[in-house]
Amino acid sequence: MSGHIDPYRAHRAFARAAAPRTQRWRLAVMILGFEAAFICAPLIVAFILPGPAKTAYIEGVSAFGTLAQFSTFAVAGYLFLRLLRRVHGRGFWSLIGPADRAGADLKRTAMAVGLLLLAIELLPPWVVLSDLAEVRGLLRWVALMPLAFAAILLQVGTEELYFRGYLQQQLACLSPSPVVWMGIPSLFFGLSHYFNGIGPADSILYVVWATLLGLACADLTARTGTLGAAIGLHLANNAFALLLVGIQGRPSSGLALFLYPDFDSTEYDYSLQALLAPGGILQLLTSIAMVLVMWLAARIAIRR
């Protein structure tokens with residue numbers, strides 16, 4: 001009698017929601033539909049907004065613009081869920097898992113990972129005020145936090161519904177291999193971050209980091225049988241990336257407390273060869289280490 005306990009046993013119940021309709025054509029329609037929703041959502045929002053608000057939305061450098069950009073994920077999520085109902089005959093909670101467990105996992109994981117990232121921020125090197133272009137007013141920044149966290153939750157929640165909810169469930173019904181149902185959605189998630197980079201080297205680093213983050217979230221989903229822990233990890237990560245430090249004049253910088261001056265990206269080497277330079281290797285190892293420690297903090301929080 002084996003004493004081995006399957007760490008992903010909860011995932012079987014989580015994926016069962018996808019079992020009634022597993023035809024590959026449905027999966028293809030949903031993938032294309034999500035991409036279409038993701039493309040159309042900002043066009044819809046930009047069409048609705050009046051002139052000055054539309055400009056702020058497109059630029060994303062003000063608080064309103066950044067909040068509006070991240071709130072756009074609600075439109076994409078709504079369109080995706082409507083299509084899910086039509087194609088698969090199921091809805092929002094089938095992607096989440098049991099609500100009480102998901103909520104508890106989200107809170108515990110977001111708190112644990114958030115405290116970890118705060119501790120790392122408090123370590124040197126510290127922000128040097130003389131290097132900054134701007135420090136935003138603290139009271140206004142604090143007042144915006146509820147709206148900021150709500151907008152970021154919309155963003156990460158929509159992404160988790162699709163990548164770790166829908167894709168992971170559907171692929172688990174098509175293949176028992178975690179390489180398939182964890183690996184493929186995580187790779188898609190990583191590739192979707194390619195254009196976040198400035199040049200080829202920076203873009204590949206983004207893809208590697210996001211793929212690893214996707215694998216961490218997929219693992220947490222499989223261990224818990226809900227999206228709660230994955231959303232909590234993703235939320236804490238994105239909140240720290242967006243709310244503390246930004247670059248003045250760059251998209252999604254509107255909620256950052258500290259702003260560094262913009263720089264001329266042509267002054268730096270972002271070619272593929274830069275990946276093999278000591279700085280590129282160090283950045284890659286740092287990205288891997290950060291995802292690893294966040295995943296471990298989440299594992300400790302959910303005790304799985």
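The legends below describe close-up views of a predicted model. Local features are given where pLDDT is at least 70, side-chain atom pairs count at pLDDT 80 or more, and totals for chains, interfaces and linings use all residues. Residues are numbered from 1 along each chain as its sequence is written, and side-chain values use heavy atoms, with hydrogens and water left out.

**View 1. Lining of the second largest pocket.** The second largest pocket has a volume of about 350 Å³. Its lining holds 15 residues, and those closest to the pocket centre are A110, G114, F149, A239 and F240. Helices α6 (99–122), α7 (138–174) and α11 (228–243) each supply at least two lining residues; the largest share, six residues, comes from α6. By class, 13 of the lining residues are nonpolar, one is polar and one is charged. A pocket is an open set of points on a 1 Å grid over the protein atoms alone, with protein on both sides within 12 Å along at least five of seven lines, and lining residues have an atom within 4 Å of a point. Grid points are joined across faces, edges and corners, and a volume is the space filled by probe spheres set on the points. Helices (H or I, at least four residues) and strands (E, at least two) are DSSP runs numbered from the N terminus. Ala, Val, Leu, Ile, Met, Phe, Trp, Tyr, Cys and Pro count as nonpolar, Asp, Glu, Lys and Arg as charged, and the others, Gly among them, as polar.

**View 2. The largest cavity.** The structure holds one cavity of 30 Å³ or more, and about 40 Å³ of space lies in the largest cavity. A cavity is a set of grid points where a 1.4 Å probe fits but cannot get out. The lining consists of R136, G137, R140, W141, L144, G254 and L255. Three of these residues are nonpolar, two are polar and two are charged.

**View 3. A nonpolar surface patch on α2 and α4.** I44, F47, I48, Y78 and L79 make a nonpolar patch of about 550 Å². Helices α2 (24–48) and α4 (63–88) each supply at least two of the patch residues, and the largest share, three residues, comes from α2. L79 is found in helix α4 and is partly exposed, with a relative accessible area of 31%. Patches are made of residues with over 30% relative accessible area and no salt bridge; nonpolar side chains (Val, Leu, Ile, Met, Phe, Trp, Tyr) are joined within 5 Å. Accessible areas come from the Shrake-Rupley method with a 1.4 Å probe, and for residues only the protein chains shown count as cover. Buried means under 20% relative accessible area, exposed over 50%, and partly exposed in between (1.4 Å probe, protein chains only).

View 4. The side chains of D219 and R223 meet in a salt bridge, at 2.7 Å from N to O. D219 is buried at 5% relative accessibility, and R223 is buried at 15%. A salt bridge is a side-chain nitrogen of Lys or Arg within 4 Å of a carboxyl oxygen of Asp or Glu. The structure holds five salt bridges.

**View 5. Salt bridge between R250 and D262.** The side chains of R250 and D262 meet with 2.9 Å from N to O. This pair links distant parts of the chain, twelve residues apart: R250 is in the loop between β2 (245–247) and β3 (258–260), and D262 is in the loop between β3 and α12 (278–302). R250 is partly exposed at 23% relative accessibility, and D262 is partly exposed at 43%.

**View 6. Salt bridge between D6 and R12.** The closest N and O atoms of R12 and D6 are 2.8 Å apart. D6 is partly exposed, at 28% relative accessibility.

**View 7. Backbone geometry at P125, S252 and R303.** Most residues other than glycine have a negative phi, and most peptide bonds are trans. The peptide bond from P124 to P125 is cis, with omega near 5°; P125 is in the loop between α6 and β1 (134–135). S252 has a positive phi, near 65°, and is in the loop between β2 and β3. The relative accessibility of S252 is 22%, which is partly exposed. R303 also has a positive phi, of about 60°, and is in the segment after α12. R303 is exposed, with a relative accessible area of 76%.

Conventions: Patches are made of residues with over 30% relative accessible area and no salt bridge: like charges are joined within 9 Å, nonpolar side chains (Val, Leu, Ile, Met, Phe, Trp, Tyr) within 5 Å.
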